[in-house]
Amino acid sequence: MVSGIHNYYQMATRVNRDINRIALNVKTVAKNRLRNWLKKKGSLVNYRYIRERYGHSKEIRFVNNTPICPIAYVKTKPPSCLRKSINNYTPEGRKEIHKKLGVNTAILQKIISSGKKPRKYRVYG
């Protein structure tokens, strides 16, 4: 559940501030409720994903040798699905957007220059 929240919010700006508030409350409740079972040391041998993602965190805790991922250990990253050249503010960037959309600009220009008004459809309601 924690890693799902981290994956969802990792692209958000300054998400650490909000998650740190939540983490402080959760950590306090966990210390109070799980006082006898909560341990700082445990093994991550059988938990490869958790070891790769959270292994460097000092906040990871264990209950019966099962790791509990630290909520505040969210790593943000910038969205990487678009190149910097694709944007609305330059002619080259707009060309890239149209190319990616698959719009045939020659046909679009012909429609625009024809001067015909689009049909008006009657809306019944």
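Modeller: This is a predicted model. Along the sequence, its elements run α-α-β-α-β-β-α-α, which comes to five helices and three strands.

Colleague: What makes a stretch such as residues 15-33 a helix?

Modeller: A helix is a DSSP run of H or I with at least four residues. Residues 15-33 form such a run, so they are listed as helix H2.

Colleague: Why is the space of about 330 Å³ called a pocket and not a cavity?

Modeller: In a cavity the 1.4 Å probe fits but cannot get out, whereas a pocket is an open set of points. The space of about 330 Å³ is the largest pocket, so it counts as open.

Colleague: How do you know which residues line the largest pocket?

Modeller: A lining residue has an atom within 4 Å of a grid point. For the largest pocket 17 residues pass, with Val26, Lys27, Glu59, Pro70 and Ile71 nearest its centre. Helix H2 gives the most, seven residues. The lining comprises 12 nonpolar, one polar and four charged residues.

Colleague: Why are 16% of the 125 residues called buried?

Modeller: Buried means under 20% relative accessible area, so 16% of the residues fall under that cut-off.

How values were computed: Residues numbered from 1 in each chain as written. Predicted model: local features only at pLDDT ≥ 70, side-chain atom pairs only at ≥ 80, totals over all residues. Heavy atoms only, no water. 1 Å grid on protein atoms, 1.4 Å probe; cavity = no way out; pocket = protein on both sides within 12 Å on 5 of 7 lines; lining within 4 Å. Points joined across faces, edges and corners; volume = space filled by probe spheres on them. Helix = DSSP H or I, 4+ residues; strand = E, 2+ residues; numbered from the N terminus. Nonpolar A, V, L, I, M, F, W, Y, C, P; charged D, E, K, R; others polar. Buried < 20%, exposed > 50% of the residue type's maximum accessible area, 1.4 Å probe, protein only.
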